Amino acid sequence: MLLHIPSVLNREEVNHLRKTLAGTEWVDGNVTSGAQAALAKKNLQVPEDAPEAKALGEIILRALGSNAMFNAAALPHRVFPPLFNRYNEGMGFDSHVDNAIRYIGSARQRIRTDLSSTLFLTDPEDYDGGELAIEDHYGEQRVKLPAGDMVLYPADSLHRVEPITRGSRWASFFWTQSMVRDDSNRALLYRFDQSITLARQELGDKHPSVLGLTSTFHNLLRKWADL
Ligand code: NI
């Protein structure tokens, strides 16, 4: 399931992130790539252990913690500390699949990357090109969102970033290990959760059908969750 999550960060937060990133050291993006991806990748990144990356990453993690849509759709178990990249004119990233396993140095922990996220930090009118093209079951989706918005998609999808022809595209990107590994099970739980929300609005929390649906949701989650 590919999902557009609007306004993960508000305008003030986006401006703060951009201002801090503008004064930060950027290095060749191939520091986080596998050998094969390195051939296809041309961008700049803030080093993973840079204090700015850690501080800004915390702002994003905090925002995600209270984002109902992200929590319902990702059912997150572990989130990789957010990283930051930029594509200047002429830069891009050819088709690839992200690494299945990532090591979180600060937590000495491995994470299975079930979901990929890109949180846009540049508004679409400020650059040309730079679409994130993602292959999903229904064909190719081309994503270019307002600053502060995020796309969440299965990490086993082939994806690429189209070359930039004007301006510079800044973003944060990271991975999530979900409590529910299987994408179709997770998508089912997300739709179920949305239906329960609607039913609660229409019928109230104490209606027997709402109680029944909520119980079944939790029992399904219990059946499918790995921690
Ligand atoms: Ni990627």
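## Helix 5 and helix 6

Helix 5 (residues 183-203) packs against helix 6 (residues 208-224) at an angle of about 160°, and their axes are 10 Å apart. The structure discussed here is a predicted model. An angle over 145 degrees counts as roughly antiparallel, and helix 5 and helix 6 are therefore described as roughly antiparallel to each other. Their crossing is left-handed.

On the side of helix 5, the contact is made by Asn185, Leu188, Leu189, Phe192, Asp193, Ile196, Ala199, Arg200 and Leu203. These residues meet Ser209, Val210, Leu213, Thr214, Thr216, Phe217, Leu220, Leu221 and Trp224 of helix 6. Sorted by class, the contact of helix 5 with helix 6 comprises twelve nonpolar, four polar and two charged residues.

## Helix 1 and helix 3

A further helix pair is formed by helix 1 (residues 11-22) and helix 3 (residues 51-65), whose axes come within 11 Å and cross at roughly 170°. This crossing makes helix 1 roughly antiparallel to helix 3.

Helix 1 contributes His16, Leu17, Thr20 and Leu21 to the contact, while helix 3 contributes Glu52, Leu56, Ile59 and Ile60. By class, five nonpolar, two polar and one charged residues take part in the contact of helix 1 with helix 3.

Five strands form an open sheet in the order 3-7-15-12-13, with antiparallel pairing. Strand 3 (41-42) and strand 13 (139-143) stand at the edges; each has a single partner strand, so one side of each is left without a neighbour in the sheet.

Two of the pairings can be followed residue by residue. Strand 3 pairs with strand 7 in the antiparallel sense over two bridges, and the bridge partner of lysine 41 in strand 7 is phenylalanine 93. Strand 7 also pairs with strand 15 in the antiparallel sense, over two bridges. Here the bridge partner of phenylalanine 93 is valine 161 in strand 15.

## The hairpin of strand 8 and strand 9

Strand 8 (residues 101-104) and strand 9 (residues 109-112) pair in the antiparallel sense over four bridges. Within this pairing, tyrosine 103 has arginine 110 of strand 9 as its bridge partner. The two strands form a hairpin with four residues between them. In the turn, arginine 108 has a positive phi of about 45°.

## The nickel site

Which protein donors does the nickel ion have? They are His96 (NE2), Asp98 (OD) and His159 (NE2), lying 2.1 to 2.2 Å from the ion. Along the chain, the donors of the nickel ion follow the spacing H-x1-D-x60-H.

Aspartate 98 and histidine 159 link distant parts of the chain, being 61 residues apart. Aspartate 98 lies in the loop between strand 7 (92-96) and strand 8, whereas histidine 159 belongs to strand 15 (residues 159-161). Strand 7 and strand 15 are themselves paired in the sheet described above.

Notes. Residues numbered from 1 in each chain as written. Predicted model: local features only at pLDDT ≥ 70, side-chain atom pairs only at ≥ 80, totals over all residues. Heavy atoms only, no water. Axes fitted to C-alpha atoms, helices over the stretch in contact; angles between N-to-C directions. Parallel < 35°, antiparallel > 145°, perpendicular 65-115°, else oblique. Left-handed = near helix turned anticlockwise from the far one by under 90°. Contact = heavy atoms within 4.5 Å. Nonpolar A, V, L, I, M, F, W, Y, C, P; charged D, E, K, R; others polar. Pairing = 2+ DSSP bridges. Donors = N, O, S within 2.8 Å, 3.2 Å for Na, K, Ca; no water.
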